[in-house]
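I opened my notebook for another look at a protein model. Here is what I had on screen.

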Amino acid sequence: MAAASTGAAVTAYSLCSSNARLIDFASRDRSSKVLLLARVKPSFCVRCVASEPKQIVRDPIADEGVLSDLSALSPHAASIASRIKYHAEFTPMFSPQNFEPPKAFFAAAQSVRDALIINWNATNDFYEKMNVKQAYYLSMEFLQGRALLNAIGNLELTGEYADALEELGHTLETVASQEPDAALGNGGLGRLASCFLDSLATLNYPAWGYGLRYKYGLFKQQLTKDGQEEVAENWLENGNPWEIVRNDVCYPVKFSGKVVEGSDGKKRWIGGEDIVAVAYDVPIPGYKTKTTINLRLWSTKVPSDQFDLHAFNSGEHTKACEAQANAEKICYVLYPGDESVEGKILRLKQQYTLCSASLQDIIARFERRSGGDVRWEDFPEKVAVQMNDTHPTLCIPELMRILMDLKGMSWDEAWRITNRTVAYTNHTVLPEALEKWSYDLMQRLLPRHVEIIEKIDEQLIEDIVSEYGTLNPEMLEKKLATMRILENFDLPASIADLFAKPEESPVDETSEEVKSHDEVTVTEKDEQLDEEETQKNKAVNKEPAYIPPKMVRMANLCVVGGHTVNGVAEIHSEIVKLEVFNDFFQLWPEKFQNKTNGVTPRRWIQYCNPDLSAVITKWIGSNDWVLNTDKLAELRKFADNEDLQHEWRAAKKSNKIKLVSFLKEKTGYSVNPDAMFDIQVKRIHEYKRQLLNILGIVYRYKKMKEMTADERKANFVPRVCIFGGKAFSTYVQAKRIVKFITDVGATINHDPDIGDLLKVIFVPDYNVSVAELLIPASELSQHISTAGMEASGTSNMKFSMNGCILIGTLDGANVEIREEVGDDNFFLFGAQAHEIAPLRNERAAGKFVPDERFEEVKKFVRSGAFGAYNYDEMIGSLEGNEGFGRADYFLVGKDFPSYIECQDKVDIAYRDQKRWTKMSILNTAGSYKFSSDRTIREYANDIWNIEPLEIN
């Protein structure tokens, strides 16, 4: 990787040359140092000969003797301030007249990037030299959040940058707040991927991430009187100071066309639409290490020769730009709406672009590192590809295509390599999230890949028949129907014959009296003709039988094509083995593993919650817990200590006061920092049950209204109930729930009878930066999904790590969190996973009897207490015994009584602040297991087979 724009000519090397030197990039008064590697080259200046006296364009870094006296790079405030000023002047993105916070942010970020690039290049050079096995994490989402504070924190330069910016007239907090969140993800899938990158770098594992560079993200959420509205994200509007475009790293990506077979028997994919994927690199620094890995994002375009100049000059401007527009829109929006055929095509193009460009890049790196001796059988010993959910499934047929069509391998050779290289993480048990693509659409867009998938499917059928034999055709037929990659396809003739039903013998009618032809009267003949005519008419008018569409099951392809399948929490992995992929588990039990998710303690406690982090460090005796979270368990022995409890509550109160200011700014609502802060922040989905939460609040409000003022104060703890999350733009029911929450809030928050006893706030446009304010201030957090439906969750881990107590079901990682923090420190309610199916069957049979309190709440909502909007559709989803969008599929009504009774226990516990604080401390102490560092070590050891590679 070439070094990017510093004034000096600097190239980074690691252990590669005798004249490589260590650059001390740590403060003089700190024993812990971050050392950067750079090869020393002569400095130079550019002289202006247009005027006298001669002017010198100076590089403040070079002027300070960086290149001749490496110790001058010691980043005291003056040195950092000098580099910031240099970028403000010589890497301009704003007018030179001022140095306002936005400009200060870009200049500060670029000065940090200079430091990262040195380590980044050294890391990459070391990987190239050592040629060790490297992991590649492919994900449609990377929800990075802001990068400045994380980068300087990992470089251990937070204090120095704060001093430097203060010297320049700004606070670090103000400057950092100018950075927009990178709009590259939406929920837990993307945030997990970003935590993994942080842990990979921190633990010195050779690894890269691959994703797409979305111009407009998912969307920016706005709340109006009509509910949620979506507008395009503008995070790239002013540029991104962290990324470096690699115009020399680009790969062709093809769509459509046709497959032809040459005289040599090789298949070639020709014609169609050709685009180019261009690499944008983002450095990911590790904590207290020089290792800085890469997140490579792809953007799409076409060569300039595809601009139709003739059409443009003829006035056909749209036509002239059509090819470029079609290419660019691939990376416009994360998860474009797929209700239309065009939307489906765009999504499939996105997934294939990610897979194709990334694999071409990975293969090019493998070939380069192999030198002149490329041994393809070693590819799985040098490369591990992890598919984060089903979005990158096309890696499997694409790697097969490249190996066979471009590298000349046989099917068996290519299959062995592919199967040993690729692994799959499952993130859901929801059927609609186990992706299926239209076979016809895929054939139209990726004809060569469909041929490969068909052959994989044939091979799978052979494996199943070979394993189970043909003695039990009924069992075999069921397994094939469940396990095949191709859905609604006929079986090969040789297999189909096994299931052919024998023809029924004709009925013997010889004993029946039948009139002879001669005995048929004219009337009977007429009746017979009329009947024949009627049957003909029926045949003509009869609607054709429904033919289910042919589909490609991407999850099945992942399981078949990969060497490992892992779930992301213990309960989820069991559901994957016993329900979702049970037939595959019976066939290949060795493929299935559990890897419980984790979150990075750097971003999610050390940086976002410095007050609490300082308390933890004081009582544990060091900040080693940031790298070794097992040390958090030492807090348990101090949980009853009054001094710790006092400091703990003070840290929490400080965070709550910060959040109060933020809520006032963003929503206009004023809230009491002494109230309990009760938070649910998640993607809006029926299974996550924000509806259960808000109906519980409605019940609480109704009971308050029925009491006197004194009774309210005696019976209820003051609460601020905070929601955040986006509803997908075409998910109508989720958007109704958002609207309902805001309507309830508008009513309650303006009710003078209630005052500060209850507030309901929906924070618009929830993202990582908002989470970094909400989570440290939280006291109760709701993780209340229908049991068995949440794969893991990661926000539950973040809340627990920050001393927040959870209320939830036994779902996802809640199960393991409760085990670690203790049953008494987790508010449990609701049906368990094994009870869900029987409860749904009970409902379908009409045997469910709703709780009176639940019926009371529904009636109250329908009374118009929260405005004129008609919520019949939303409430109707909780009623009835069957039908789409009915019958309370997510068991809100069933769990409602248990939920509100559990909330009463929350109130009782919160009144005893000593008890509550102890519970809070024990949550942080028990969160040690849920570090992404632990998760990544497990992936590295059990799935990828990679080793740490530290730059010395």
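My entries below go from a sheet to a residue in it and then to a helix.

**Ground rules.** I'm working with a predicted model, where local features need pLDDT of at least 70, side-chain atom pairs count only at pLDDT 80 or more, and totals for chains, interfaces and linings use all residues. Residues are numbered from 1 along each chain as its sequence is written, and side-chain values use heavy atoms, with hydrogens and water left out.

**Sheet.** I looked up the strand order and got β16-β18-β17, an open antiparallel sheet. Strands are DSSP runs of E, at least two residues, and helices are runs of H or I, at least four, numbered from the N terminus. Two strands pair if DSSP finds at least two bridges between them. β16 (436-438) and β17 (486-487) each have a single partner strand, so one side of each has no neighbour in the sheet. I found three bridges between β16 and β18 (residues 551-553), and K436 has R553 as its bridge partner in β18.

**E487.** Is E487 buried or exposed? I got buried, at a relative accessible area of 14% (buried is under 20%, exposed over 50%, partly exposed in between, with a 1.4 Å probe and protein chains only). E487 sits in β17. Its contacts (heavy atoms within 4.5 Å) beyond four places in sequence are K436, P549, K550, M551 and R553.

**Helix α17.** In α17 (residues 473-483) I noted L476, K479, L480 and M483 as buried. E474 and K478 are exposed, on the face turned away from the buried side. Among the elements covering the buried residues are β18 and α20.
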